[in-house]
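Dear colleague,

My findings follow directly after it.

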Amino acid sequence: MKKIQFFCDICGKEFLPQEYSFLTGQVIKIDKELKSQTIVFEGHYCGVCTNLILDEAAKLREKNATNNNPK
């Protein structure tokens with residue numbers, strides 16, 4: 001019998017598969033010569049850390065919307 005264990009990539013704690021999330025993303029960087037570089041990332045996160053990541057992403061979206069639409 002195989003036992004599968006999940007560990008959060010942020011806090012390192014083991015978590016149940018029901019709390020599991022797998023987030024992927026990419027960042028595009030432009031160097032001095034205007035060549036783009038794509039950096040791909042992925043991670044496995046527990047429910048608590050997933051909520052922290054999503055909250056931070058929401059803050060960045062709000063900040064970006066505010067900066068793009070000054071009053």
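The notes below describe what was found, grouped by region. Please keep in mind throughout that this is a predicted model.

Salt bridges

The search of the whole structure returned 2 salt bridges. One of them joins the side chains of Glu 33 and Lys 35, with an N to O distance of 3.6 Å. Glu 33 has a relative accessible area of 57%, and it therefore counts as exposed, the cut-off for that class being over 50%.

Another salt bridge pairs Lys 59 with Glu 56, where the closest N and O atoms are 4.0 Å apart. Both of these residues belong to helix α1, which covers residues 47–68. Lys 59 and Glu 56 are 3 residues apart, about one turn of the helix. As for their accessibility, Lys 59 is exposed at 52%, whereas Glu 56 is partly exposed at 42%.

The loop between β3 and β4

Strand β3 comprises residues 21–30 and strand β4 residues 36–45, and Leu 34 is found in the loop between them. The backbone of Leu 34 deserves a remark. Most residues other than glycine have a negative phi. Leu 34, although not a glycine, has a positive phi of about 60 degrees. The relative accessible area of Leu 34 is 70%, and this residue is exposed.

Which residues form a nonpolar patch on the surface? They are Val 27, Ile 39 and Phe 41, and together they have about 250 Å² of accessible area. Of these, Ile 39 is found in strand β4. Ile 39 has a relative accessibility of 40% and so counts as partly exposed.

With a relative accessible area of 28%, His 44 is partly exposed. How far apart are the C-alpha atoms of His 44 and Asp 9? They are separated by 5.7 Å, while the two residues are 35 residues apart along the chain.

In brief, the points to inspect in the predicted model are the salt bridges Lys 35 to Glu 33 and Lys 59 to Glu 56, the positive phi of Leu 34, the nonpolar patch of Val 27, Ile 39 and Phe 41, and the pair His 44 and Asp 9.

With kind regards

Methods
Residues numbered from 1 in each chain as written. Predicted model: local features only at pLDDT ≥ 70, side-chain atom pairs only at ≥ 80, totals over all residues. Heavy atoms only, no water. Helix = DSSP H or I, 4+ residues; strand = E, 2+ residues; numbered from the N terminus. Buried < 20%, exposed > 50% of the residue type's maximum accessible area, 1.4 Å probe, protein only. Patch = residues over 30% accessible without salt bridge, like charges linked within 9 Å, V, L, I, M, F, W, Y side chains within 5 Å. Areas by Shrake-Rupley, 256 points an atom, 1.4 Å probe, with all protein chains shown as cover.
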